[in-house]
Amino acid sequence: MAKITMREAISQALWEEMERDPGVFILGEEVGVWGGTYAVTKGFYEHFGEKRVRDTPIAEAAIVGAAIGAALTGLRPVAELMTINFAFSAMDHIVNEAAKLHYMFGGQMVLPLVIRTPGGGGRQLGATHSQTPDAIFAHFPGLKVVAPGTPADAKGLLKSAIRENNPILFIENATLYQMKGEVPDGEYLIPIGKSTVQRPGKHVTLVTYSKMLPVSMEACNSLAKEGIDVEVVDLRSLRPLDMDPVLESVRKTNRAVIVEEGWKSFGVGAEVASRIYEDAFDDLDAPVKRVAQLEVPLPYNRTLEKSAIPQTADVIRAVREVVQ
Amino acid sequence: MDKKKQVDLFMQMVLIRLLEERAAELYQDGKIGGFLHLYIGQEAVSTGLVAARQPVDRVITAYRDHGVALNCGIEPKVIMAELLGKATGTSKGKGGSMHMADVSKNFWGGHAIVGAHLPIAAGLALGDLYQDNKAVTVCMMGDGATNIGYFHEALNLSKVWNLPVLWVVENNQYGMGTSIERASAISMMCKKAYGYGIKTQRTDGMDVVSVQKEAERLFDEIRNGSGPQLLEAITYRFRGHSMGDPERYRKSDEVHQWQENDPIGIYRRYLIDNDIATAAELDALEDKAGVEIDAAVEFAESSPEPAADELFKDIYVEETGEVNHG
């Protein structure tokens, strides 16, 4: 086990898969000469060359569209979108093409495609560059949506994603790139579409993913001192959504809090809460509680922005309310 | 091109014409649902282009795709079955008129969002360049597609990466019901490629010989590393944009004038004048095509509906590992 950053974990996954399979290549804005705007692909251009590390124009539809076409020829492109906010410029290709082609042509077309992109707020980038629109993408059958919250999961999930023959949106979080975590040595894969218990507990189930995982874990450590033992279930993939560990946990704790960075309306929490009500209503001792971003476009001002994004204190408060 | 192949092009165009006419009837009978965009009048464009390709070359087009599908080697009965939503159709009845494909014949669809298939075409060409396949991707689009952003992103990328792609604008004068003069800043579609340093060519899209000749030269140049090129084919659709088009945007005189330039009539005269076929031989082919389309309709009508469990099939690929497109 080595302790490495999320950035290093993602970079390792890419590097290892490119070494393993000559059909894997990277394309996107500033992935090559620049070394990646978040330095994830630093050194790749020098090592793998411009054929396999392709700088593109700033044209997201062209990036995703070209990745789709190349995937159809049997290659395994990993397209990078500089932020998930720019994915809207490629929305048509993600949801109308990538998510549909296999089904719509009766299974003929196969797309081994990964689109990597960081999302999330908290960096004073203003309303257009700070969004967490994960739920929108998870809405579409045909697309898989993965969003890891630890370096170990990021590495194992990305390697699985690259080897899979489906279009996958791999959502990273820009504020987690520096976060360190234990990563197993050597080759390993984490299956896509499997939630996992990141922290066992007995009083309340906390369901979360991505950036809100470390935020929630911090809250749990604090709550433990008050004698509240929280079980944390990390979704890891939003589609397919694996509810089994969530339901199993709720049947044990009889209480649930869902923590997400995105807006509450029509969000991940809304979906998870509905499924808990549908499948474990009789097990609940209290209404399900949601912690989510306040319903505003994120402002630039540091204090205002922070007040709109769930913080550790918000999670602590919500858990206390549910266990009372 | 040998005589047999020349006569075969005539047969293909007649088959498209008859298939489309029958499709229109079946649509009016309520047997075909959704939208139906007919290729009547434009047969020479796709027929000439596809005749010029080699099997390794990929074809991709927009939603007016039945004719292209036929030219690529999909049997009329399989096209008809897809139109009727049957399990035996090109896409197992799940694609419909606008979403036909046969990957084994290097026909990559059938894409119904205007212009969205252009970046995908660039990607197909990138895949061939990357794998050193010596293949060309031919991407057909309507004139309307030149006004959407995808056109510009895709053309730019194709030139930046020197991709082996032939862009073909089928200029049928109207994007739905809006004439090119009312929708496009310039009327010569090919000029739009100048800004990307892409070589262009215009051709008479009602003349299959002209289209085929130009396309052969362009395929050859692109295969030998010229980078992307653009061909504008001047053509006309004799029917509305889709079934149910009230056609308030054009006068019947204009339609009749173009109909005198019927691509099938032009080619028929060419074959006779050049002693490639006799009128009697061509008449016999038309009869044969009629029989084939009758059989296609019969096949489609008697084919089974997709099974109920087909609904949940092919949303995802279950297995990982090597992709083999056959």
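## Surroundings of A:Glu295

Leaving aside residues up to four places away in sequence, A:Glu295 touches A:Trp263, A:Lys264 and A:Ser265; two residues are in contact if their C-beta atoms, placed from the backbone, lie within 7 Å. From C-alpha to C-alpha, A:Glu295 and A:Ser265 are 7.9 Å apart in space, although 30 residues apart in sequence.

A:Glu295 is found in the loop of chain A between β14 (289-293) and α11 (302-308). Helices (H or I, at least four residues) and strands (E, at least two) are DSSP runs, numbered from the N terminus. With 9 other C-beta atoms within 10 Å, A:Glu295 is exposed (12 or fewer; buried means 20 or more, and partly exposed lies in between, with C-beta atoms placed from the backbone).

## Basis of the model

This is a predicted model, in which local features need pLDDT of at least 70 and side-chain atom pairs count only at pLDDT 80 or more, while totals for chains, interfaces and linings use all residues. Residues are numbered from 1 along each chain as its sequence is written, and chains are lettered from A and ligands numbered from 1 in the order in which they are written.

## Chain A as a whole

Chain A contains 12 helices and 14 strands. Of its 324 residues, 58% count as buried. Among contacts in chain A with a separation of 6 or more, 80% join residues 24 or more positions apart.

## Contact between the chains

Chain B contributes 38 residues to the contact and chain A contributes 35 residues. On the side of chain B that touches chain A, β2 (107-110), α5 (117-130) and α6 (149-160) of chain B each supply at least two residues. The largest share of that side, 10 residues, comes from α5(B).
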